[in-house]
Amino acid sequence: MLEKIRADLDKLSGAERRVAELVLAQPYTVMQSAVSDIATSAGVSQPTVIRFCRSMGFSGLSDFKLKLAGILVGGVPYVHSSVRPEDPVSEITAKVFDNTVTALLKCRNDINPQAVDDAVDLLAGARRIEFYGLGNSGIIAADAQHKFFRFGIPTVSYADSHIQIMAAAVLGPDDVVVAISSSGRSRELMDAVEMALSTGAKVIAITVPDTPLAEKATVTLAVDSPEDSETYSPMLSRILHLVLIDILTVGVALKRGPGVVTQLEKAKRSLKQKRLRGDEEHD
């Protein structure tokens, strides 16, 4: 529908074109607005808004908004829902949600189930697990370590490239490194990964496909999110990486069996006891 509006811009009158451009720029706002608000925002009369809807093949504004709501709920391609400087907060909110949901669905459809299965097997049987990430990915590595250490597996996360390569040098064949990168091209991270592989350790990469890291890793969980991570702080890829960490966490928990439940209960009990001691000290 949005593609049709964009293609028909030159066929519309000047006033109707202004309505069309408003729809393309702020589809969520238009969907929720009254005819008077749409007319004011586009700088046209209310009858012009109705004429635009009919020019696009709809019986009126209600019919147009109903069809527009249908495609927006279904998910707009990323290029059509990119945020613009002039967008109101309502539009930004809708676009960020839409971008995220679309990226999650794409990742779900694209992910290689065999790669996930192989990664879970490696992690469940590991003697030690180390999570490596630089910058924003270092935060994701820390989150992963926070989840996995509760399984009773020696686990650590490193966000410093010098420590990563030194830690990788003392790993062994039963150890696993999970390397997380939104670009897959960091030279510092690649040095640590190559060092880990040279010791016989296995490497699971959560990164962009067809990159040096993806090609070097033992197992790659490919994440192809449509964002410029070279210019902006990664947003979509960060969420996708966190979801993949959650998938691996659940997979390893199920793989390791009932013993994991015991480990988790012990961790919860120790935390509860600490809180109780803290309350007693305050009393």
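This is a predicted model: local features need pLDDT of at least 70, side-chain atom pairs count only at pLDDT 80 or more; totals for chains, interfaces and linings use all residues.
Five strands are laid out in the order β2-β1-β3-β4-β5, forming an open sheet with parallel pairing. At its edges you will find β2 (155-158) and β5 (219-222), each of which pairs on one side only. If you look from strand to strand, neighbours are turned by 15° against each other on average, direction ignored. As background, strands of a sheet pair through backbone hydrogen bonds, either parallel or antiparallel.

A handy landmark is Val176, which stands opposite Lys202 in β4. Two helices that pack on the sheet can be found from here. Helix α11 (residues 187-198) touches β1 (128-133), β3 and β4, and its direction makes about 165° with that of β3. Helix α13 touches β3, β4 and β5, with a direction at about 140° to that of β4.

Stay with α13 for a moment, and bring in α9. Helix α9 (residues 136-148) and helix α13 (residues 236-256) pack at an angle of about 20°, and their axes are 10 Å apart. Because angles under 35 degrees count as roughly parallel, α9 is roughly parallel to α13. The crossing of α9 past α13 is right-handed. On the α9 side, the contact involves Asn136, Ile140, Asp143, Ala144, Lys147 and Phe148; these meet Arg238, His241, Leu242, Ile245, Asp246, Leu248, Thr249 and Val252 in α13. Sorted by class, the residues of this contact are 7 nonpolar, 3 polar and 4 charged.

Helix α2 (residues 14-25) packs against α5 at an angle of about 75°, with the axes 9 Å apart. That angle makes α2 roughly perpendicular to α5. From α2 come Ala15, Glu16, Val19, Ala20 and Val23, while α5 contributes Thr48, Val49, Arg51, Phe52 and Ser55. In this contact of α2 with α5 there are 6 nonpolar, 2 polar and 2 charged residues.

The structure holds 5 aromatic pairs, and one of them is the edge-to-face pair of Phe52 and Phe64, at 5.5 Å centre to centre with 75° between the planes. The pair links distant parts of the chain, 12 residues apart: Phe52 sits in helix α5 (residues 46-55) and Phe64 in helix α6 (residues 61-74).

Notes: Residues are numbered from 1 along each chain as its sequence is written. Side-chain values use heavy atoms; hydrogens and water are left out. Axes are lines fitted to C-alpha atoms, for helices over the stretch in contact, and angles run from 0 to 180 degrees between N-to-C directions. Helices (H or I, at least four residues) and strands (E, at least two) are DSSP runs, numbered from the N terminus. Angles under 35 degrees count as roughly parallel, over 145 as roughly antiparallel, 65 to 115 as roughly perpendicular and the rest as oblique. A crossing is left-handed if the near helix is turned anticlockwise from the far one by less than a right angle, and right-handed if clockwise. Contact means heavy atoms within 4.5 Å. Ala, Val, Leu, Ile, Met, Phe, Trp, Tyr, Cys and Pro count as nonpolar, Asp, Glu, Lys and Arg as charged, and the others, Gly among them, as polar. Two strands pair if DSSP finds at least two bridges between them. Rings of Phe, Tyr and Trp (its six-membered ring) pair if their centres lie within 6.5 Å; planes under 30 degrees apart count as stacked, over 60 as edge-to-face and the rest as tilted.
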